[in-house]
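Please look over the structure shown here before reading on.

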Amino acid sequence: MPDAPCFVVTGAAGFIGSNLVGELLRRFPESRIIAIDDFRSGSFANLVEACDRLTHASYNGDFLAADTGTLDWPTLLEDLKPDAVFHLAAITDTTVADERAMIESNVEGFRPILVACVETETPLVYASSAGTYGSPREGDDREPFPETAAGQPNNVYGFSKWLMENAHRSVAEDCLEAGVSEPHVVGLRYFNVFGPGESRKGPMASLAFKLTQQILDGGRPRLFTDGEQARDQVFVMDVVECTLAAASPEATPGVYNCGYGTPTSFNDIADAVRAGLGATAKDSATEYFEMPPEIRAFYQDFTCADLSEATNALGWSPRFEPKKAIADYSAYLATARSR
Ligand SMILES: NC(=O)c1ccc[n+]([C@@H]2O[C@H](COP(=O)([O-])OP(=O)(O)OC[C@H]3O[C@@H](n4cnc5c(N)ncnc54)[C@H](O)[C@@H]3O)[C@@H](O)[C@H]2O)c1
């Protein structure tokens, strides 16, 4: 990349987007960043805190407070000529039941970005989700999910991400048929992301965050019976690293998993949180409760990323072992609260 690159980041006031902006500024202090967010679930404070945490400096880029679906992307990209667009903006509340709103926002907000990036030959990395898998057969056998196992999402959020991927696949096929090289577009199926910057996500925050807050509030960690549900937990800086690797000229276009490659049971998350807070299983014993039937219908009991494709195509592997990273993160949250 040139010395002073330019990047567009949508969803930049959100959890992962703000960490991505912070890391971009850490790596490329001279870069020009155009952050875009309509603040429906993000906050300026995420961006301020991420820049301070990762660069010990203030955010020095531009900001467009706008819905990605309303912007004139061809003009924006022609004017800016960014080195990459990172599209992370989305309705991220997986319990939203308004199917039309979810699809309009997540899919129609993506299409113009995809088309404009392809037309201007701008590398595009966008956030898909493990939600595209629903509950595949591999989950019954507690096996990692290969990319080919997706397509039966359990909720409209996962379906919206699947539709984004369909739009991407269709553009890639058109290029193949036309005999032109595939555009640099990479979709990343993030699994369960945790780490600094998620404190404003409310009910959508990670389990590690919620259990930590329950103990710090003087309560007990609460889990659905029997706590042996397991999901692929991945630290946010691994996700940022993967997202940046996907924009590199060496990356192979496509849709890939982005997780740690190991399931972590909810009981193990509670143990890691207690370890990080110096709490004992006796004093902060887990309280189990039954999963409400309306949640049961679309609940993923098990997720695990098969990372072989991502490793080959992106030259990326995660570095933060989840149980250790969760313990460190809980300790960090406790310190942040006591300040
Ligand atoms: N956090 C996870 O565990 C996880 C897992 C899988 C996928 N993802 C995906 O990663 C991306 C980032 O997630 P996050 O956890 O940082 O969520 P987040 O809610 O913290 O961030 C999303 C940001 O996008 C903004 N936004 C939403 N719709 C917009 C629109 N139409 N125009 C402009 N801004 C808009 C929100 O205001 C928010 O700041 C999302 O696409 C999400 O679906 C996250």
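Is Thr311 buried, partly exposed or exposed, judged by the other C-beta atoms within 10 Å? The model is a predicted one, and in it Thr311 has 15 other C-beta atoms within 10 Å. Because a residue counts as buried with 20 or more such atoms and as exposed with 12 or fewer, Thr311 is partly exposed. This residue belongs to helix H12, which covers residues 308-314, and, once neighbours within four places in sequence are left aside, Thr311 is in contact with Trp316 and Ser317. Asn257 is 54 residues away from Thr311 in sequence, while the C-alpha atoms of the two are 9.4 Å apart in space.

Taken along the principal axes, the box filled by the C-alpha atoms is roughly 60 × 45 × 35 Å. Of the 339 residues, 49% count as buried, and among the contacts between residues at least 6 apart in sequence, 83% join residues at least 24 apart.

Seven of the strands form an open sheet with parallel pairing, in the order E3-E2-E1-E4-E5-E6-E10. Strand E3 (62-65) and strand E10 (254-258) stand at the edges, and because each has a single partner strand, one side of each is left without a neighbour in the sheet. Neighbouring strands of the sheet are turned by 20° against each other on average, direction ignored. In general, the strands of a sheet pair through backbone hydrogen bonds, in either a parallel or an antiparallel arrangement. Here, strand E2 (residues 32-37) pairs with E3 in the parallel sense over four bridges, and Asp37 has Ala65 in E3 as its bridge partner.

The backbone geometry deserves a separate look. Most residues other than glycine have a negative phi, and most peptide bonds are trans. Phe39, although not a glycine, has a positive phi of about 65°; it lies in the loop between E2 and helix H2 (44-55), and Phe39 is exposed, with 11 other C-beta atoms within 10 Å. Glu121 is likewise not a glycine and has a positive phi of about 55°. The loop between helix H5 (111-120) and E5 holds Glu121, which counts as exposed with 10 C-beta neighbours inside 10 Å. Finally, a cis peptide bond, with omega of about 5°, joins Thr225 and Asp226, and Asp226 has its place in the loop between strand E8 (222-224) and strand E9 (230-235).

Key
Residues numbered from 1 in each chain as written. Predicted model: local features only at pLDDT ≥ 70, side-chain atom pairs only at ≥ 80, totals over all residues. Pairing = 2+ DSSP bridges. Helix = DSSP H or I, 4+ residues; strand = E, 2+ residues; numbered from the N terminus. Axes fitted to C-alpha atoms, helices over the stretch in contact; angles between N-to-C directions. Contact = placed C-beta atoms within 7 Å.
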